[in-house]
Amino acid sequence: MEPITHFLTGACLGRAGLNRKTALATLTLTLAAEAPDLDVLGRFGGPAFAFAHHRGFTHSFLGVPLDAAVVIAFVYLIWRLRGRKLKDPNLPPRWGLLFFYACLAGLSHILLDFTNNYGVRPFWPFSEKWYSWDIVFIFEPVLFGLLLLGLIIPSLFSLIDKEIGARHRGPRGRLAATLALAGVVLLWGVRDYEHRRAVSALAAHTYQDADPLRVSAYPTMTDPFHWYGVVETPAFFALAPVDSLSPEVDPEGRLQIRYKPEETPVTLAAKKSYLGRVYLDWAKYPITETQTLDTPPGGYIVEFQDLRFAQLPSLLSRRGEPSKALSAGVQLDQNLHVVADIFGSGKKQAAFPEPD
């Protein structure tokens with residue numbers, strides 16, 4: 001999920017009652033809920049290295065205690081720099097409990113990331129397998145709104161209390177935050193039900209007289225009943241929108257067929273590269289496209305694309321071509337030696353040396 005949703009989740013966990021047990025709870029939970037994204041520092045190792053380690057150790061069960069320790073150290077430093085000031089002197093910080101809270105918030109981050117279709121590797125480094133629930137978009141407006149309201153509504157009542165001179169003992173907002181978190185769980189239940197209906201509809205359909213080998217359905221941002229279907233058959237992939245409310249496959253006649261390319265020495269060399277191995281380990285429906293370079297010194301560019309992200313309408317090019325979100329490429333010379341890794345497309349395309 002995007003960062004703000006993670007921050008809001010941590011804040012709601014604190015407001016739901018955990019902030020009544022120890023000082024600094026809400027701050028700790030809010031920061032720890034986003035802490036696994038510290039893997040963004042992998043960008044200093046280059047794009048391929050960052051891609052390889054994104055949602056890796058910091059998003060694993062083994063990495064959660066380390067993420068929590070970093071957050072606790074930061075919170076302790078801020079607390080010392082502020083002169084150990086507390087809103088309630090009768091509620092001191094309990095550092096052991098705060099560490100547990102930070103671990104809990106870190107697990108909430110893994111859970112939220114698991115719900116979208118990029119996936120997580122929670123058992124890293126013991127297992128590199130990716131897991132994804134595929135039920136919500138990377139930004140889910142309803143989920144975002146529930147968490148935001150769970151934090152805003154108590155503040156509005158607090159302003160009203162100040163206007164009328166009413167007093168409120170202890171931290172407030174417990175009910176609203178609890179209802180917001182309950183609403184998130186309920187939303188997941190609804191989306192899971194619709195997701196299963198979409199997958200079942202795709203599996204029951206035939207595509208150019210071919211039965212599917214694998215089917216998946218991926219969420220859109222605005223319509224909970226509209227899913228991006230990806231179907232694998234022996235010879236091709238089918239990109240088939242599906243309406244889970246009906247349920248109906250390709251209700252608007254926008255089915256796309258992507259034939260599986262023939263394996264060549266060029267594609268095999270690209271797949272054996274560092275970026276190729278990393279990409280294929282992550283991609284669920286990978287497909288390659290080979291471009292021959294006519295300009296000296298010649299060579300090839302093999303582009304990798306995961307069809308999970310090929311139907312995103314917000315990322316369509318101006319010419320209406322399919323989205324190439326999260327695609328990458330490997331540049332090879334005429335002797336099939338790796339020259340560079342390619343990231344981006346069009347004017348934003350950039351080449352980077354292959355890591356040693």
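A residue is called buried when its relative accessible area is under 20%, exposed when that area is over 50%, and partly exposed in between, as computed with a 1.4 Å probe on protein chains only. By this scale Trp95 is partly exposed, with a relative accessible area of 25%, and Tyr76 is likewise partly exposed, at 34%. The model is a predicted one, in which local features need pLDDT of at least 70 and side-chain atom pairs count only at pLDDT 80 or more, while totals for chains, interfaces and linings use all residues. Residues are numbered from 1 along each chain as its sequence is written, and side-chain values use heavy atoms, with hydrogens and water left out.

The structure contains 19 aromatic pairs, where rings of Phe, Tyr and Trp (its six-membered ring) pair if their centres lie within 6.5 Å, and where planes under 30 degrees apart count as stacked, over 60 as edge-to-face and the rest as tilted. One of these is the edge-to-face pair of Phe51 and Trp282, with 5.3 Å from centre to centre and 85 degrees between the planes. Because Phe51 belongs to helix α3 (residues 47-53) and Trp282 to helix α9 (residues 274-282), this pair ties together parts that are 231 residues apart in sequence; helices here are DSSP runs of H or I with at least four residues, numbered from the N terminus. Both Phe51 and Trp282 are buried.

Tyr76 and Trp95 also form an edge-to-face pair, at 5.3 Å centre to centre and 75 degrees between the planes.

Conventions
Helices (H or I, at least four residues) and strands (E, at least two) are DSSP runs, numbered from the N terminus.
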